[in-house]
Amino acid sequence: MTITEKLAILADAAKYDVSCSSSSSKRVARKGNLGSAAPAGICHSFTPDGRCISLLKILMNNYCIYDCAYCVNRASNDIPRAAFTVEEVVDLTMNFYRRNYIEGLFLSSAVIKNPTYTMERMVLVLQNLRETQHFNGYIHVKAIPGASLELIDKAGSYADRMSVNIELPSQRSLQLLAPDKSKNDILLPMQNISQQIVQNRAERKTLKKSPHYVPAGQSTQMIIGASGESDLDILRLSAALYDKFSMKRVYYSAYVPINQDKNLPVVAPPMARENRLYQSDWLIRVYGFQAHELLDEKTPNLDMDYDPKTVWALNHMEQFPVEINQAPFKILIRIPGIGIRGAQKIVSARKISPLDFNDLKKMGLSVKRAQYFITCKGRYYGTVSCEPLKIRRALKPQKTASPHTGYEQLTIFDQLAALNGEI
Amino acid sequence: MIIYLYDGSFDGLLTAIFDSFTDKRPLDIFRQEHYQPQLFDEIISVTTENDKAQRVADSILAKLSFDTYQRLYYLYLSELPQCDYTALCYLKMCYRYGASIYLAKNNPLIHRVETYCRKVTLEAHRFTGFVRFIELAPMIFYSKIEPDHNILPLLQGHFVRRFSDQKFMIHDLKRQYALVYDLHTPYFTPLTIEEGEHLLTSKTTDPYQQLFAVFFDATTITQRRNLRLQKFWMPKRYWQHIDEAHD
């Protein structure tokens, strides 16, 4: 089998992993060695699905012994299989990197023979890249649940980011759809990595020269809409993951129906759901919201027509409208339609002189949603009066869900908002 | 209208700012190459003088801030309409109100400065990703780009640090010059399109170019096509030099 065929198979098999971030690592360049990590991350290309290519995202091999219902690589699927040798992965990474195609390597693998053997092969690639080639670019590596912790530790000493996929939002779904994986196998390495990161951070405070351990943090991913959990369950789980394992990111991946299985839904969940979950995730992580502020037992699912911040604001109209010339930053970012950058601009400009409504437009802020939740110099500028029902009607999206595909057509800016985290 | 014409270098712009600073008449600043003569214009040719430029730079750094100086440089690189005159007005404003006037984002001039600077820094960041090298000979790489703004000086640091063990050249076809790194000191040199093509004739194909195109196709999730999003992040005008890109 040629390298081209292998690459086609093993990149295709890896593409459902969402994470492609190459940020947060400060690995500095060394003269005479190849590579550096850019703290902001760099996207090198964009595929027709609108996702970026930042890392060479591939599997070591796709001969899997497991049979997870949702996965394209499950043992019972009749698909072409392939396996890279260590040298092939190293060669591809180095040569793609030299041509500035990629920011680094994202290495994952199907479980071949057993988890420890699989992990060993991956560590060999990392070791070769870092020690033989002196490669100094970004590496994201998957920890294989069930592999020996020493190996995972060793991988961590070479990698910039590690991740263990939690796969599904509850143990029940995991048993149903991924019977070979257990919750403990997943949580154990996760916990181990998080402890090591904390310990390494502390060490580096006193000993600046001590080697990095997963400097860009760990992340995880779960599949949305393949099982019956509500959005509230999902957000609670991610809040706990951020809290307990100091996760850098939790990724959500709307289930794409690739396999037929009696336990799987036939139609894909709307993409809008993934989008709304990301928006909520951002609100929790960056904007200082709590999961229970966005959802509760009475309304366990996110509204598809309105973004979660607008929904929250409409339910808390007693706190609005807010005077933009006085409200502190923390309150400004809670106004629908005003994000971190917008709030920074407001705080900056009002130091010079008080702002009126036109000033906001001049600054390039979008007032489509914000107009109903703010006053400028005491005056309210919304096109309808400040009542939840009227605002709700004014903000109702014009487009309806397309009946053919089950996918909701999103406007580009809604999706962008999810990607930028500006809501 | 009084027109100050300068040679197109950053020092030239600073000299033009020096010369025109106290001129109270209605005026404008242009680079020689961008200027189109108008009937009633009175032209003042600025001769670049390094010590005048140095005095402007020193004054900005001492009395205003490094950020202000950097913004002037970005305005200069932007090559957008009126960017030189905007630089002069912005500088006058800073001297009048202090560098913190940049906080007044609702002021139209500040808004324009911010927009122009953002365009330049955004494009510079994008091109840290969109540059595509082709291997001419073992460990010698060549890339051609056509950015909207003159961002090559901003790319220098990143590429030299990252690819410190390979010789490379990034060729700006629009402005006909190139950044060259030969493992020692990086430098800029004029380079025409024909000379660039001549470099490429020695090279037929790069096998990894083909491999990356295969990767690009394989990693696309066809069920989730979203061409508008793709073009938002990677505008189509850049595609001619990004070999794998297609929709």
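Let's start where the two chains touch: 43 residues of chain B are in contact with 46 residues of chain A. Here, contact means that the C-beta atoms of two residues, placed from the backbone, lie within 7 Å. On chain B, helix H5 (108-130), helix H6 (152-162), helix H8 (207-218) and helix H9 (227-233) each supply at least two residues of the side that touches chain A. H8(B) gives the most, with seven residues. Helices are DSSP runs (H or I, at least four residues), strands are runs of E with at least two, and both are numbered from the N terminus.

What classes of residue make up the side of chain B that touches chain A? There are 22 nonpolar, eleven polar and ten charged residues. Ala, Val, Leu, Ile, Met, Phe, Trp, Tyr, Cys and Pro count as nonpolar, Asp, Glu, Lys and Arg as charged, and the others, Gly among them, as polar.

A word on the source: this is a predicted model, in which local features need pLDDT of at least 70 and side-chain atom pairs count only at pLDDT 80 or more, while totals for chains, interfaces and linings use all residues. Residues are numbered from 1 along each chain as its sequence is written, and chains are lettered from A and ligands numbered from 1 in the order in which they are written. The model scores ipTM 0.93 and pTM 0.89. Chain B averages a pLDDT (the predictor's confidence in each residue, from 0 to 100) of 93, and 100% of its residues score at least 70.

Now for the sheets. In chain B, five strands form an open sheet in the order S4-S5-S6-S7-S8, with mixed pairing. Two strands pair if DSSP finds at least two bridges between them. Strand S4 (134-137) and strand S8 (187-190) of chain B stand at the edges with a single partner strand each, so one side of each has no neighbour in the sheet.

Chain A has an open sheet of three strands, ordered S9-S10-S11, also with mixed pairing. Its edge strands, S9 (322-323) and S11 (379-380) of chain A, each pair on one side only.

| Strand pair | Sense | Bridges |
|---|---|---|
| S4(B) and S5(B) (residues 140-145) | antiparallel | three bridges |
| S9(A) and S10(A) (residues 374-376) | parallel | two bridges |

Within these pairs, Glu135(B) stands opposite Phe141(B) in S5(B), and Glu323(A) stands opposite Thr375(A) in S10(A).

Finally, chain A is assigned domain 1 (3-269) and domain 2 (308-420), with bounds from an automatic or database domain assignment. Their centres, taken over C-alpha atoms, are 36 Å apart.
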